[in-house]
Amino acid sequence: MKPVKPQQFAQGLQNFLNAIDDTNAKVAPFYSKLRTALNDKRLSEMSDLDFKAILAEFMDANDGYQRAADHLSTLAAPVQLLGLKSNLVDYFRAYVAATKDMTASLETNSKTVDLKKFSQSEQDQDDLMQKINHTVNRILTVPGLRG
């Protein structure tokens, strides 16, 4: 097996992070619209079309996150980063599952949200994103990775 250069891994990691940023930027306005409707207790006033658009965007985001997770899991890492990369893959796969749970909390036919499931997903996503960010920061401090 040919050793992986840190710079190769860094480029792959950057591509992964860019994909996540792109997906986050696309889904954020839809999440905000739903969160505002829930906070204001105005979900029933939201049009069916808007609710379905939110659900569709959440599903697209789930697909984007899953593609990113698949890319990350196949990314070759230098030996000194194998443990951190493994942790990052595990955390991100759990994050993907949490985003899917959020999507599953939306019921299109009745235009309702399972608030317990939705809130748990929010908390899980926040917790996992902290772990992901911490792990990425640890990876980025490894000597030779940025040079």
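**Note on the packing of helix α3**

1. Helix α1 passes helix α3 in a left-handed crossing, a term used when the near helix is turned anticlockwise from the far one by less than a right angle (right-handed if clockwise). This is a predicted model, in which local features need pLDDT of at least 70, side-chain atom pairs count only at pLDDT 80 or more, and totals for chains, interfaces and linings use all residues. Residues are numbered from 1 along each chain as its sequence is written, and side-chain values use heavy atoms, with hydrogens and water left out.

2. The axes of α1 (residues 6-39) and α3 (residues 82-104) come within 14 Å and cross at roughly 15°. α1 is therefore roughly parallel to α3 (angles under 35 degrees; over 145 is roughly antiparallel, 65 to 115 roughly perpendicular, the rest oblique). Axes are lines fitted to C-alpha atoms, for helices over the stretch in contact, with angles from 0 to 180 degrees between N-to-C directions. Helices are DSSP runs (H or I, at least four residues), numbered from the N terminus.

3. The contact (heavy atoms within 4.5 Å) of α1 with α3 involves F9, L13, F16, I20, N24 and Y31 of α1, and K85, L88, F92, Y95 and M102 of α3. By class, these residues are 9 nonpolar, 1 polar and 1 charged (nonpolar: Ala, Val, Leu, Ile, Met, Phe, Trp, Tyr, Cys and Pro; charged: Asp, Glu, Lys and Arg; polar: the others, Gly among them).

4. Helix α2 (residues 48-74) packs with α3 at about 165°, their axes 9 Å apart. The two helices, α2 and α3, are therefore roughly antiparallel, and their crossing is left-handed.

5. The contact of α2 with α3 includes L55, F58 and M59 of α2 and V89, R93 and T99 of α3. Its residues divide into 13 nonpolar, 5 polar and 4 charged.
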